[in-house]
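Subject: Structure handover

Hello,

Here is the structure for you to look through. Please open it beside this email, and read on for what was found.

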Amino acid sequence: MDQTTSDVVPPRHAPVQAPVRGGPEAPLPRRSHWRRWLLILLLLLLIAGLGWYFFLRPSGGSGRNRAAAEPPQPVGVAKVDQGDVNVVLTGLGTVTPMATVTVQTQINGQLMSVGYTEGQLVKKGDFLAQIDPRPFDVALAQAQGTLAHDSALLAQAKSDLARFTILGKQDSIAQQQVADQQFLVQQDEGTVALDQASVDSAKLNLVYCHIVSPVTGRVGLRLVDPGNYVQTSSSTGLVVVTQLQPISVVFVLPEDDIPQLAEQMKDGNTLAVSSYDRTNAKKLADGTLITIDNTVDTTTGAVKLRASFPNTDNALFPNQFVNAQLLLKTLKQVVRAPVAAVQQGAPGSFVYLLKPDNSVGIQVIKTGVTDGDDVQILSGLKPGDTVVVDGADRLKDGAKVVVSANAGQHSGTPNNGPGAPPGQQPGNSTPVPPQNAQPENGQSPNGR
């Protein structure tokens with residue numbers, strides 16, 4: 001074989017070279033990989049869609065359609081009426097006696113007896129205590145003796161002056177002697193006046209021995225027992241007497257109420273004040289406003305007021321905590337609705353208005369003054385409208401309702417005083433605080 005042939009023919013067992021990776025045949029495995037992941041993604045989306053369809057999708061159509069599909073909800077209703085609404089200012093107060101007197105002795109001596117029982121009601125001038133009067137009886141007798149002696153000297157001096165005056169006119173004695181006798185009479189008159197004052201002082205001390213009540217009121221606990229030596233320098237006193245009839249209540253109001261309060265007082269109007277117990281549930285007494293303080297407390301931003309109460313039944317007790325309600329004025333013949341009908345949410349203040357087809361709709365309103373169970377309606381309702389006062393927490397806009405048998409006409413608040421605290425006014429329905437009210441779009445009015 002020649003050299004040329006050996007160069008052209010490859011060796012018999014030469015290895016076959018593998019195709020280079022990344023050549024024309026390389027993309028086939030990568031396309032298969034992405035196709036597999038795409039199928040998995042589509043399968044997951046299909047499973048998520050089926051889960052949402054069967055478990056998470058809404059059970060019905062719009063909120064109105066769902067409300068129409070639900071069974072009628074039992075509710076209590078009341079009618080909007082027209083009447084008077086009281087403008088009442090409320091403040092915290094303390095029962096303060098008109099007079100609290102600590103009875104103290106005005107002389108030093110032994111306390112012999114007391115004439116009262118602890119907690120007893122006494123009148124002005126009633127006997128309270130007796131101090132030993134014997135030392136002052138002796139002092140009175142001594143003063144009266146001195147007065148009698150000096151009175152006799154004065155009479156003698158006056159008699160001599162009369163004789164000296166006659167003799168002086170006859171030039172029988174010197175005029176100097178007459179003048180001296182006149183001065184002597186004047187000296188004796190001064191001595192007698194001093195003696196008379198001593199007698200009066202002794203008599204006054206005897207009066208001080210017999211201690212009486214300075215005011216009409218209730219006697220407190222006895223501070224000193226009989227047998228003790230009492231002195232004027234003592235600070236505890238013998239007993240405390242507190243006046244109960246009449247009695248006052250000192251209460252506070254925010255300084256923002258001062259302008260309208262001053263406007264009513266400048267016209268000379270008598271403003272009624274009622275006091276309620278600590279829970280603001282029971283009325284204790286009715287009275288009138290006496291005065292308003294002359295300054296505002298800068299630490300609290302409030303002003304003090306004092307009201308007087310006859311307290312004939314002793315319903316008010318000194319230092320008792322009360323809630324004071326001041327009747328500022330009365331709004332005549334305004335549109336009013338029960339407080340229980342007013343809901344709060346995203347639209348603001350609204351009510352569920354009962355429609356002729358026994359469905360309810362959300363009615364946005366604007367409220368004014370609240371008086372007990374009533375609230376003034378400035379806009380949104382008119383007299384005769386029927387609103388839901390019980391069961392509003394289960395309602396939506398357009399929901400069907402059935403009126404409870406005990407629902408009736410809203411009777412309003414009786415105008416016989418500064419108003420009563422919530423829950424005290426008679427009514428024909430039992431208000432339930434509204435919760436979770438929902439408007440037409442199926443969401444609650446508070447945006448949730």
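Start with one term: two strands pair if DSSP finds at least two bridges between them. With that in hand, take leucine 121, which stands opposite arginine 218 in S8. Strand S8 covers residues 217-219 and is joined to S5 by two bridges. S5 and S8 run antiparallel. Please keep in mind that this is a predicted model.

**The chain overall**

The protein chain has 22 strands and six helices. It counts 448 residues, and 34% of them are buried.

**Two open sheets**

Strands of a sheet pair through backbone hydrogen bonds, either parallel or antiparallel.

Find leucine 111 here: isoleucine 131 in S6 stands opposite.

**A cavity**

Rolling a probe the size of a water molecule over the atoms shows where empty space is left.

How many cavities of 30 Å³ or more does the count give? One. The largest cavity holds about 40 Å³ of space. Its lining includes Val103, Leu111, Val114, Tyr116, Leu128 and Ala129. Ile211, Arg222, Val224, Leu238 and Val239 are also among the lining residues. Strand S4 (109-114) and strand S6 (127-131) each supply at least two residues of this lining. By type, ten lining residues are nonpolar, one is charged and none is polar.

**A pocket**

The second largest pocket has a volume of about 160 Å³. Among its lining residues are Val103, Gln104, Thr105, Gln106 and Val207. Tyr208, His210, Ile211, Val212 and Pro214 also line this pocket. Helix H5 (175-209) and strand S7 (210-212) each give at least two residues to the lining. Which element gives the largest share? S7 does, with three residues. Six of the lining residues are nonpolar, four are polar and none is charged.

**Nonpolar cores**

The largest nonpolar core has 23 residues. Those with the most contacts inside it are Phe251, Leu261, Val273, Leu289, Phe309, Leu316 and Leu326. Several strands give two or more residues to this core, including strand S2 (81-97), strand S11 (247-254) and strand S13 (283-297). Strand S14 (302-309) and strand S15 (321-338) are also among them. A second, separate core has 19 residues, and Ile131, Cys209, Val219 and Val230 are included in it.

Leaving out residues up to four places away in sequence, leucine 261 touches Leu253, Leu271, Leu289, Ile292, Leu305, Leu326 and Leu328.

First, serine 275. You will find it in strand S12 (residues 272-276). Is serine 275 buried or exposed? Its relative accessible area is 0%, so serine 275 is buried. Neighbours within four places in sequence aside, serine 275 is in contact with Lys282, Lys283, Leu284, Ala285, Phe309, Leu316, Val322 and Asn323. Also look at phenylalanine 321, which is 46 residues from serine 275 along the chain. The C-alpha atoms of the two are separated by 9.7 Å.

Next, glutamine 376. Its place is in strand S20 (residues 374-379). Glutamine 376 has a relative accessible area of 11%. Buried means under 20%, so glutamine 376 counts as buried. Not counting residues up to four places away in sequence, glutamine 376 touches Leu331, Val334, Val335 and Arg336, among others. Lys366, Thr367, Gly368 and Val369 are also touched by glutamine 376.

Best wishes

Conventions
Residues are numbered from 1 along each chain as its sequence is written. This is a predicted model: local features need pLDDT of at least 70, side-chain atom pairs count only at pLDDT 80 or more; totals for chains, interfaces and linings use all residues. Side-chain values use heavy atoms; hydrogens and water are left out. On a 1 Å grid over the protein atoms alone, a cavity is a set of points where a 1.4 Å probe fits but cannot get out, and a pocket is an open set with protein on both sides within 12 Å along at least five of seven lines; lining residues have an atom within 4 Å of a point. Grid points are joined across faces, edges and corners, and a volume is the space filled by probe spheres set on the points. Helices (H or I, at least four residues) and strands (E, at least two) are DSSP runs, numbered from the N terminus. Ala, Val, Leu, Ile, Met, Phe, Trp, Tyr, Cys and Pro count as nonpolar, Asp, Glu, Lys and Arg as charged, and the others, Gly among them, as polar. A nonpolar core is a set of buried Ala, Val, Leu, Ile, Met, Phe, Trp, Tyr and Cys residues joined through side-chain atoms within 4.5 Å. Buried means under 20% relative accessible area, exposed over 50%, partly exposed in between (1.4 Å probe, protein chains only). Contact means heavy atoms within 4.5 Å.
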